Amino acid sequence: QVQLVESGGGLVQAGGSLRLSCAASGRTDSFSTMGWFRQAPGKEREFVAHITRSGVNLAYADSVKGRFIISRDNAKNTVYLEMNSLKPEDTAVYYCAARIVGTVEYQYWGQGTQVTVSS
């Protein structure tokens, strides 16, 4: 049974920072890329960032590039999202996701953690 549990969300003022964590349990040895997505009220879920198992290949949405940093610690089965220079438009529920080696879709999702940025 695979489980992804996000933490670290909260309320922060514009310009502030937060660090999200996603702890994975279960068959984590089958994971390849892990990613962060977000969904704002009334909007579709959107890609934020992803990182490959080796940690070498990273990708970011244009809206967060230069402000957010994704990283992972395979020994701890944890992926992080450091968010800096936060803007009100970053307000959303943030989800962690993982996909299995050899696939392109994300099979596993966390429950999400709320991030609210006040102006």
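In β8, the bridge partner of C22 is V79, and this pairing belongs to a predicted model in which local features need pLDDT of at least 70, side-chain atom pairs count only at pLDDT 80 or more, and totals for chains, interfaces and linings use all residues. Residues are numbered from 1 along each chain as its sequence is written, and side-chain values use heavy atoms, with hydrogens and water left out. The points below cover the sheet, the aromatic pairs and the charges over rings.

**Sheet**

- Strand β3 (residues 18-25) and strand β8 (residues 78-83) run antiparallel and are joined by six bridges; strands are DSSP runs of E with at least two residues, numbered from the N terminus, and two of them pair if DSSP finds at least two bridges between them.
- The order β1-β3-β8-β7 describes an open sheet of four strands with antiparallel pairing.
- Because β1 (3-7) and β7 (68-73) stand at the edges with a single partner strand each, one side of each is left without a neighbour in the sheet.
- From one strand to the next the twist averages 15°, where axes are lines fitted to C-alpha atoms and angles run from 0 to 180 degrees between N-to-C directions.

**Aromatic pairs**

- A pair of aromatic rings is described by the distance of the centres and the angle of the planes.
- The count comes to five aromatic pairs, under the rule that rings of Phe, Tyr and Trp (its six-membered ring) pair if their centres lie within 6.5 Å, with planes under 30 degrees apart counted as stacked, over 60 as edge-to-face and the rest as tilted.
- One of these is the edge-to-face pair of F37 and F47, with 5.8 Å centre to centre and 75° between the planes; F37 lies in strand β4 (residues 31-39) and F47 in strand β5 (residues 46-51), so the pair ties together parts that are ten residues apart in sequence.
- F37 counts as buried at 10% relative accessibility, whereas F47 is partly exposed with a relative accessible area of 28%; buried means under 20% relative accessible area, exposed over 50% and partly exposed in between, for a 1.4 Å probe and protein chains only.
- F37 also forms an edge-to-face pair with Y106, at 5.1 Å centre to centre and 80° between the planes, and because Y106 lies in the loop between β9 (92-100) and β10 (108-109) while F37 lies in strand β4, this pair ties together parts that are 69 residues apart in sequence.
- Both F37 and Y106 are buried, and one aromatic cluster is formed by F37, F47, Y106 and W109.

**Charges over rings**

- The charged end of R45 sits over the ring of W109, 3.7 Å from its centre, where a charge sits over a ring if NZ of Lys or CZ of Arg is within 6 Å of the ring centre and within 35 degrees of the ring normal.
- R19 lies over the face of Y80, at 4.1 Å from the ring centre.
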